[in-house]
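Here are my notes on this model, in the order I would go through them on screen. Have a look at the structure, then read on.

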Amino acid sequence: MNNAIIDFPLPANEPVKACLEGSPERIALDEELERQYNTVVEIPAVIGGKEFFTGNTAEVTCPTEHGHVLARYHMVGEKEVKMAIEAAMDARKTWSRTPWTTRAAINLKCAELLSTTWRARVNAATMLGQGKNIYQAEIDSAAETCDFFRYNVSFASRIYAMQPKDAKNCIDHNEFRPLEGFVLAVTPFNFTSIASNLCMSPVLMGNVALWKPSRTALLSNWYIMQMYKDAGLPDGVVNFLPGSGELIGKICTESHYFAGLHFTGSTATFNSLWASATRNLANYVSYPRIVGETGGKDFIFVHPSADAPAVAHAAFTGAFEYQGQKCSAASRMYIPRSMWPEVLDRMKKMASEVKMGGVRDHDNYINAVIDGASFDRISARIDAARASSVARIVMGGNYDKSVGWFVEPTVIETADPKYSTMVEEIFGPVLTVYPYEDAEWEETVKLCDETSPYGLTGSVFAKDRLACEKISDMLCYAAGNFYINDRPTGAVVGCQPFGGARASGTDDKAGGPFNLFRWVCPRSIKETLVPPTDIFAAYPYIKR
Ligand code: NAD
C-alpha cells in the first residue's frame, strides 16, 4: 500500500573524491583501470532486458592510445530498433502507472550504487574510453551523475506537489501524466552524466526510453546501463541501442509512438532530428517534446578593470580542461590590449607546468581529444590559423597522432573579431583571443553578442561592478549560463541549471525542474461534490 506523502528535500551535492595516492578510492580506481585496460568487453544491445549480440560490430579504443581496443560493440539494425520500440511500449503499461515514489527510489538507488560500489568502474571506463583524467572523471561520471539522480527526485516531488486550489464544493488536482509513447535519448560522448540523465530524467517522470549512446562513450555507458539493472530498473524501461544515429533516429521519428526527443550533441545533428520529427508530425499520437542542448561558442569578456591573474586562470582552465571538449569550454576571449601580454605570459607559464599524456599516468593534466575525426578537424583549424594573415598562434599549436589523438593547448590571437575560430565551434583545446582597444569596451561587448549564432555560456571579468551589470545586460541573450568573475564552465547540478538558447538548444535547463516538466503532460481533474440539478441556478436574473 503506497499512501505516504514523502518529502524529498534538496540533497547535498556528491563530494568529489581527492583520489590521493594510497587512498581507498585511488586503490579501487587503479585496480579498475588495470582490469578494464586488459579486458576487451563485448557490448550488446539491450532490448526488453535481453542482450542482443548482432554480430555487426565495431571497436571502442582509447583516445590516448588509439591502437588499444577496450571493447567491441554490437550495432542494432532496423529490426532491433523496431523491437526496442515494442519492448518500450510494453514496459510502459506498468512503468507509467508505477508509483512515482518507487521510480524515485530506483533513481536514489542508482546514486547510492554509483557513489559507492560502481564508482571506480564507471570512472575508469570514462577515463579510458573518453580520455579523461581522474578529476575530470570524478566531477562527471561520479559526482554529476549522482547529483542528477538525487536532485531530479527532489525537483519531481515539487512538480507533483504543484496543485491548484479547490473551488467551492469541488476537489481540483493536477495529474502529471507521462507522455503517450516513448522518449528517444540521443547522447553525446563528452559527459557520462549527460548520457545517463537524458535517459533517466524522462524515466523518473514515468516515461520509457530508447537510448542511443555515442559510439565514443560506449564503455562507460554500458556500465551505467548495467548499473540501472542492479538498481532495480525493470526490463524495457530503458533500451540500449548502440548503432548508427541516423538509422535509429529515422526509425524512431517515423514511429507513431515517438513522444519525445532528449538530445545533447551538435546543432547540426539536432536540427536533422527536429526536421525529421516535423516531416512525420501528422503520424504522432501527440506533438512530441523536443529538448536539445547543442553547440556553443563560449566567451570570456574581459573589462579593463579586471584582475589579470584571475582572467589567466579562467582562460586556461576554462579552455583546456578535458581538452576543450565541454560544450561550455571557453573558446573565444575579448581582452583589453593593455592586459593581454600579462595574461598570455601567465597562460604560457601554466602550459609549461602541465603534462599531456595517457590517463593511467595520473600526473597528466591534459589527455587526448576523442577520435581521429576530431583530431583532423582541430589540427586543420590550427594549420589554417598558422597560414592566416589575420591570425597567429601565440601558444601551443603542436599536435601528434602517432599514439593517441594529442593536441597541445593552443591560443590563436586574431586581429579580426569575426575570424572563423571566433565564430564557429571547434570543440577542442583551442582558444581564440581578440585584443581590443581599452577604450572601446562597449563596442566590443556588442561585437561579442553578435559574432556567433550560439548562446550557451559566457563570462565577464571586471572589478567595476557597475560595468559587470551593464555588460551582463548587453549580453542578456548571448548565454544561457552567464558567469561574473568566473570561467564560463563548471555548472553544478542544483546550483546553475544548464543550457542555452539561440543555436545552443531549447534552454530546458538540465539540472533544474524545468527539464523534468517537459516529460509530463498534465491532466487537470475537477471533482464536483454537489452536482447541480437546476439549470437556472447560475441565472438568478431570469424571471420564470
Ligand atoms: P554529435 O552531434 O556528433 O553526436 C551526438 C549524438 O548524436 C551521438 O550519439 C551520435 O551518434 C548521434 N548522431 C550523430 N549523427 C546523427 C544523426 N544523423 N541522427 C541521429 N543521431 C545522430 O555530438 P558529439 O560529438 O557527441 O558531442 C559534441 C557536441 O555536443 C558539441 O557540439 C557540443 O557543444 C555539444 N554538447 C552540448 C551540450 C550542452 O549542454 N549544450 C553538452 C555536451 C555536448
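1. Asp449 counts as buried, at 18% relative accessibility (buried is under 20% relative accessible area, exposed over 50%, partly exposed in between, with a 1.4 Å probe and protein chains only). The residue sits in helix H14, residues 441-451 (helices are DSSP runs of H or I with at least four residues, strands are runs of E with at least two, and both are numbered from the N terminus). Setting aside neighbours within four places in sequence, Asp449 touches Met474, Leu475, Ala478 and Arg502 (contact means heavy atoms within 4.5 Å).

2. A word on provenance. This is a predicted model, where local features need pLDDT of at least 70 and side-chain atom pairs count only at pLDDT 80 or more, while totals for chains, interfaces and linings use all residues. Residues are numbered from 1 along each chain as its sequence is written, and side-chain values use heavy atoms, with hydrogens and water left out.

3. Now the overall picture. The protein has 16 helices and 25 strands. Its radius of gyration is 25 Å, close to the 24 Å that the globule rule gives for 544 residues, so the protein is as compact as a globular protein of that length (the radius is taken over C-alpha atoms, and the rule is 2.2 Å times the number of residues to the power 0.38). The C-alpha trace spans about 90 × 65 × 45 Å along the principal axes. Of the 544 residues, 56% count as buried. Take the contacts between residues at least 6 apart in sequence: 77% of them join residues at least 24 apart.

4. Which pocket would you open up first? The largest pocket holds about 1,100 Å³ of space. It is lined by 42 residues, and Ser214, Phe263, Gly265, Ser266 and Thr269 are the closest to its centre. On the definitions: with a 1 Å grid over the protein atoms alone, a pocket is an open set of points with protein on both sides within 12 Å along at least five of seven lines, a cavity is a set where a 1.4 Å probe fits but cannot get out, and lining residues have an atom within 4 Å of a point. Points are joined across faces, edges and corners, and a volume is the space filled by probe spheres set on them.

5. As for what builds that lining, helix H8 (245-253), strand S10 (258-264), helix H9 (267-279) and helix H12 (372-387) each supply at least two residues. H9 gives the most, with 6 residues. By class, the lining of the largest pocket has 13 nonpolar, 19 polar and 10 charged residues (Ala, Val, Leu, Ile, Met, Phe, Trp, Tyr, Cys and Pro are nonpolar, Asp, Glu, Lys and Arg charged, and the others, Gly among them, polar).

6. The second largest pocket has about 820 Å³ of space. Its lining has 27 residues, with Trp100, Tyr160, Glu175, Phe176 and Arg177 nearest the centre. Strand S6 provides the largest share of this lining, 6 residues.

7. Finally, some backbone angles to check. Most residues other than glycine have a negative phi. Asp507, however, has a phi near 55 degrees, and Lys509 has a positive phi of about 60 degrees. Asp507 lies in the loop between strand S24 (501-502) and helix H16 (513-517), and Lys509 is found in the loop between S24 and H16 too. Asp507 is partly exposed at 29%, whereas Lys509 counts as buried at 12%.
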